[in-house]
Structure formats: C-alpha cells, structure tokens
Amino acid sequence: QVQLVESGGGLVQPGGSLRLSCAASERIFSNYRMGWYRQAPGKQRELVASITNGGTTAYADSVKGRFTISRDKVENTVYLQMNSLKAEDKAVYYCVAQRGGAYWGQGTQVTVSS
C-alpha cells in the first residue's frame with residue numbers, strides 16, 4: 001500500500017508563507033513523478049506543481065514565481081514552498097505520485113486570511 005504523508009498546512013495571512021511536506025516510501029519517491037494539486041471549494045482539482053525524479057519542475061501559471069517545489073532524496077520527501085500567499089490560494093492541497101496511475105495523499109488545508 002502506497003502511503004503519502006502530508007504536513008505543513010494551516011492558517012496564514014495574505015503575503016505570508018507556508019511549506020508543505022509529503023513523505024513517501026523510497027520505492028515511490030525514486031520512480032514516480034511527484035506533485036501537488038489543490039482543490040478549492042466548488043472548484044475542480046488543479047495541478048499546482050510537479051517534479052520528476054530527474055528534478056524537472058513545472059508550475060501552474062497562477063503560482064509561478066511564488067511557489068517552489070523540491071525533493072529531498074535522503075528524506076524521500078517532496079516540499080512545496082509557498083510564498084506571497086493570496087486569498088485565492090486557499091484550498092486543500094494534495095500530494096500525488098504519478099506514473100501511469102496516481103497515488104494521492106489525504107490532503108492538507110491551507111487557509112489564507114487576515
């Protein structure tokens with residue numbers, strides 16, 4: 001059974017920062033593309049950022065320049081550093097491991113509010 005364990009969500013003021021973490025098994029981390037999706041109330045789930053095991057990254061236009069995805073091969077963990085957060089970034093953020101099919105984490109809530 002694949003486990004993706006997320007952490008790091010919470011409440012932050014506009015302009016603030018949060019870092020999300022997603023820990024995976026070594027087998028998954030080394031062989032899957034890792035990424036973060038988010039889903040806001042009433043909206044479809046959307047890709048935020050992804051990173052291949054070779055380190056190639058991709059970002060949604062709405063987060064470019066503000067969010068950074070990275071992966072730690074020692075800790076088998078993928079991170080999403082979120083800076084300059086806006087109210088519209090409020091959503092449940094999901095870690096995903098993809099290779100053909102996908103494995104999903106349980107989600108972590110990010111709320112941006114003053």
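**A guided tour of the predicted model**

A search of the whole structure finds one disulfide, a term for a pair of cysteine sulfur atoms within 2.5 Å. This is a predicted model, in which local features need pLDDT of at least 70, side-chain atom pairs count only at pLDDT 80 or more, and totals for chains, interfaces and linings use all residues. Residues are numbered from 1 along each chain as its sequence is written, and side-chain values use heavy atoms, with hydrogens and water left out.

**First stop: the disulfide**

Select Cys22 and Cys95, which the disulfide joins with an S to S distance of 2.0 Å. The pair links distant parts of the chain, 73 residues apart: Cys22 is in strand S3 (residues 18-23) and Cys95 in strand S9. Strands are DSSP runs of E with at least two residues, numbered from the N terminus. Looking along the S-S bond, one finds an angle of -80 degrees, and the link of Cys22 and Cys95 is left-handed. Are Cys22 and Cys95 buried or exposed? Both Cys22 and Cys95 are buried; buried means under 20% relative accessible area, exposed over 50%, and partly exposed in between, with a 1.4 Å probe and protein chains only.

**Second stop: Tyr59**

Next, select Tyr59 in strand S6 (residues 57-59). Tyr59 counts as partly exposed because its relative accessible area is 24%. Display the residues in contact with Tyr59, where contact means heavy atoms within 4.5 Å. Leaving aside residues up to four places away in sequence, Tyr59 touches Val48, Ala49, Lys64, Phe67, Thr68 and Ile69. Which backbone atom does the side chain of Tyr59 reach at 2.9 Å? It is the backbone nitrogen of Ile69. Then select Leu47: Leu47 and Tyr59 are 12 residues apart in sequence, and their C-alpha atoms are 7.8 Å apart in space.

Move to Asn76, in the loop between strand S7 (67-72) and strand S8 (77-82). Asn76 is not a glycine, although its phi is positive, at about 50 degrees. Asn76 counts as buried because its relative accessibility is 15%.

Finally, select Ser84, in the loop between S8 and strand S9 (91-99). Ser84 is also a residue other than glycine with a positive phi, here near 50 degrees. Why does Ser84 count as partly exposed? The reason is its relative accessibility of 41%.

Technical notes. Helix = DSSP H or I, 4+ residues; strand = E, 2+ residues; numbered from the N terminus. Polar contact = N/O pair within 3.5 Å; in protein donor to acceptor, adjacent residues only side chain to side chain.
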